[in-house]
Amino acid sequence: MYVNNNPVNVLLIEDDLRVAQLIEDMLLAVKDVKFQPESIGSLGPGLDRLKKGNIAVVLLDLSLPDSKGIDTFLKLYAQFPDVPIVILTGFDDEILAAKAVRQGAQDYLVKNQADIMVIGRAIRYAIERKKGEKELRSARNQLEERVKERTRELSEVNEKLRQEVKEHRKSQTALQAAYSELKEAQTHLIQAAKMQVVGRLASGVAHEVKNPLAVILQGIDYFQDKIDTSNENIDVTLQCMKKALLRADDIVKGLLDFASASRLELVRQNFNLIIRNSLLLLKHQFDKHKIRIIEDIGEDSVYVMADKNKMEQVFINILLNAVKAMSQGGTLKIKTYVDKISGVGLAIGSRKDDIFKPGDYVAVCEIEDTGTGIAEDILDKVFDPFFTTTHGSGGTGLGLSIVKNIVQMHKGKIEIDNKKDGGVKVSVILGVVS
Amino acid sequence: MDKKKILVIDDEQDFGKMVKLNLEDTGQYTVRIEDKGANAISVTKEFKPDLILLDIVMPDVDGGEVVHQMKKEEELKDIPVVFLTAIVTEGEVDSQRGVIAGYPFIAKPVSVKKLISSIEENLTK
């Protein structure tokens, strides 16, 4: 391939002028390749020459005035890795030359032994090998580039996959949410149906139970008047009977209250005033149990459609529950405010609810106590009729179910939850009217 | 002083009996009981009570209908009536100040003491 007209520029870095001349002569004498040698006596100027370019091969003596030994090669190779280097060496540093070859030199020639054939061949091979090396390097670079590209593609695919998994998870969460919403709606429906039945039963039961109770009460009163009540046992017996009767009556009354929520007189009312009234009615209870009240009730009038008596009954019931939970004292926080239902993530409650639509304004009353809280396993039962934690101490188990019924009849919402720091928080939410 | 005449109209016969026992026991009242709404007018005309305790929910003629008929009779229309009922709560009675549709109310079950105070209150009206 060197059989052409292009000269092969050979840089000879050799301080021995005699040797340099000899080699130049030999190179010029080569017939089939047109070598064009030039000689430089030390490494520094040699590097300068190389910087100018257009050198096909370097013949390098390792012992130069400005550099000795293997360093000579390394310095040059570091700066011009693409230029093939053939080491020129004396007998004494043949081992060194071999080492240089291992480190990247193309070949080495022993001075005074090399004839024209050897030098020519060495130079040609050096150039060929370097070219091969270069091609190999370029192929390797290409390969690396392709690997990089493939890796990039792979990581893109990977990222896409990750996104898909994420999307999948998201839709799974949405599905889960929809499912719990459905379940909640179902619970609502079942609850509503239960309420309806209880409501219808209430009047009937009340009539059938209260009449006999009325007879018994009259009878007990008669005995109390007639019998020698100085006999303590008789007196206690009659008292117990009367107490039991009144308890039974309380249950029936609760049922009636429950049913009567369906007969509301809805009138435009000041929400804050209803709450103030309820608080006022229970002032003595708070004082008696050493309960501190923190009031944050808006001064403005906030209007809602409400049956004042029934709504007061709601708040009184909630407040009395709080008192029961703090019978040894505590703090009751009561706060009202107006909120706007936002589209996503309702400010009120954690779940979406079709009672209020995004953009609706609602009046919220939050009542927090520092009492005993409600065991988590019964939290979803507190609104069930006849569910009570105060059996035998006056609880009929109808209070909160009536409260919920009344609130729902007002097209409102009631939520009850344990607070993280103990106690219970109840929120009553009604739609605001202008 | 003459005893006041109280007519109890209630289909729950035992209730009537017990009220009669308790009221007459005070020595202040003469009580007659009637368990059929349909007989209300004739019994009232005959007994001429000073006050009627009238059950609302009765199987034949209910309390409301009885009052409606009495209002049409000149000799009966001014007799005070106190309704007795088992289907309203005390709370409801209180919130209406013991009066529903213009008539005083007593929620069953009722103690003798309360019954008497309500009778007395309405007799003087």
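This is a predicted model: local features need pLDDT of at least 70, side-chain atom pairs count only at pLDDT 80 or more; totals for chains, interfaces and linings use all residues.
Me: Which helix supplies the largest share of the side of chain B that touches chain A?
Reply: Three helices of chain B each supply at least two residues: H1 (13-25), H4 (90-95) and H5 (112-123). One of them gives seven residues, the largest share. That helix is H1(B).

Me: Which residue of chain B forms a salt bridge with Lys226(A)?
Reply: The rule finds one salt bridge across the interface. The cut-off is 4 Å between nitrogen and carboxyl oxygen. Here the closest N and O atoms are 2.3 Å apart. The partner of Lys226(A) is Asp25(B).

Me: What area do chain B and chain A bury between them?
Reply: The contact involves 22 residues of chain B and 23 of chain A. On the chain B side, twelve residues are nonpolar, four polar and six charged. Carbon and sulfur atoms carry 60% of the buried area. The total is about 2,000 Å².

Me: Which element gives the most to the largest nonpolar core?
Reply: This core has 41 residues. Phe271(A), Met311(A), Phe315(A) and Ile334(A) touch the most other members. Elements giving two or more residues include helix H7 (271-281), helix H9 (308-325) and strand S9 (330-340) of chain A. The top contributor, with eight residues, is H9(A).

Me: How many residues are in the second, separate core?
Reply: Among its members are Ala20(A), Val57(A), Val86(A) and Ala122(A). The count for this second core is 22 residues.

Definitions and conventions
Residues are numbered from 1 along each chain as its sequence is written. Chains are lettered from A and ligands numbered from 1 in the order in which they are written. Side-chain values use heavy atoms; hydrogens and water are left out. Contact means heavy atoms within 4.5 Å. Buried area is the accessible area (1.4 Å probe) that two parts lose on being put together, summed over both. A salt bridge is a side-chain nitrogen of Lys or Arg within 4 Å of a carboxyl oxygen of Asp or Glu. Helices (H or I, at least four residues) and strands (E, at least two) are DSSP runs, numbered from the N terminus. Ala, Val, Leu, Ile, Met, Phe, Trp, Tyr, Cys and Pro count as nonpolar, Asp, Glu, Lys and Arg as charged, and the others, Gly among them, as polar. A nonpolar core is a set of buried Ala, Val, Leu, Ile, Met, Phe, Trp, Tyr and Cys residues joined through side-chain atoms within 4.5 Å. Buried means under 20% relative accessible area, exposed over 50%, partly exposed in between (1.4 Å probe, protein chains only).
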